[in-house]
Amino acid sequence: MTESEALREGWVHLALEMGAADAVPFALRDIVFDPRTLLKCMYGCPDWGKLHTCPSRPGSPTMAEYHDMFSRYSWGIIVHTHDKHAAQKISYELERLAYLAGYPLAFSLSDCALCKTCAGHMDEPCRNTKQARPAFHSVGIDVFATAQKLGLPLEPLLTPDQEQNWYAAVFVE
């Protein structure tokens, strides 16, 4: 087993210990990029133009720039939870461990859940710039197609009582 395979295995185990429902290693070819995800942000998200991790914030990279950035990674781990806070906590910890293991450009994606109310709603600076991360869809990744490709559960919520699925990841190398 190579060193990176051992790291992946250890990080998957850690993610599960931290409360992930699933944690799956991926190769970059497993990630489905589609800039149309921006349409769902623009025309469906009540936070469009407000949150610090949104693609609508001033100076945010374009979908093409995000695709170029994330295409430079080769692997990572996707984390599936039923809790938004847990997804972010787990993915950020995996990013930290990757950094310490010699992957200084490792980067996690998660729907930001650090603050009860995002400072962006009050036109204030982000309170957690070191840990705030954008969500998959906001950087041009089709979460539904990617989850399906990796055999992970994700379906539209049809009733308010359905359990929500949250996805986060850390991109490595």
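The side chains of Glu-93 and Arg-96 meet in a salt bridge, with N and O 2.9 Å apart; the term stands for a side-chain nitrogen of Lys or Arg within 4 Å of a carboxyl oxygen of Asp or Glu. This is a predicted model, in which local features need pLDDT of at least 70 and side-chain atom pairs count only at pLDDT 80 or more, while totals for chains, interfaces and linings use all residues. Residues are numbered from 1 along each chain as its sequence is written, and side-chain values use heavy atoms, with hydrogens and water left out.

Glu-93 and Arg-96 are 3 residues apart in helix α4 (residues 84-100), so about one helical turn separates them. Helices (H or I, at least four residues) and strands (E, at least two) are DSSP runs, numbered from the N terminus. Arg-96 is partly exposed, at 38% relative accessible area. Here buried means under 20% relative accessible area, exposed means over 50%, and partly exposed lies in between, for a 1.4 Å probe and protein chains only.

Because Glu-95 lies in α4 and Arg-133 in the loop between β3 and α5 (143-149), the pair ties together parts that are 38 residues apart in sequence. Glu-95 is buried at 9% relative accessibility, and Arg-133 is buried at 8%.

The structure holds 4 salt bridges. One of them joins Arg-72 to Asp-68, with 3.3 Å between the closest N and O atoms. Arg-72 is exposed, with a relative accessible area of 62%, whereas Asp-68 is partly exposed at 40%.

The next element to follow is strand β4. What encloses β4? Of its 7 residues (166-172), 7 are buried, so the strand is largely enclosed by the rest of the structure. In a regular strand the side chains alternate between the two faces of the sheet. Both faces of β4 are covered: Trp-166, Ala-168, Val-170 and Val-172 are buried on one side, and Tyr-167, Ala-169 and Phe-171 on the other.

Strand β4 also has pairing partners; two strands pair if DSSP finds at least two bridges between them. Strand β2 (residues 75-81) runs antiparallel to β4 and is joined to it by 7 bridges. Strand β3 (residues 107-109) pairs with β4 over 3 bridges, also in the antiparallel sense. Ala-169 of β4 is the bridge partner of Ile-78, and Leu-109 stands opposite Ala-169 as well.

The largest pocket has a volume of about 1200 Å³. Its lining numbers 47 residues, and Cys-45, Asp-111, Ala-135, His-137 and Trp-166 lie nearest the centre. The elements that give two or more residues to this lining are α2, α4, α5 and β4, and the largest share, 3 residues, comes from α2. On a 1 Å grid over the protein atoms alone, a pocket is an open set of points with protein on both sides within 12 Å along at least five of seven lines, where a 1.4 Å probe fits, and lining residues have an atom within 4 Å of a point. Grid points are joined across faces, edges and corners, and the volume is the space filled by probe spheres set on them.

Helix α2 (residues 37-42) includes Met-42, which is partly exposed at 31% relative accessibility.
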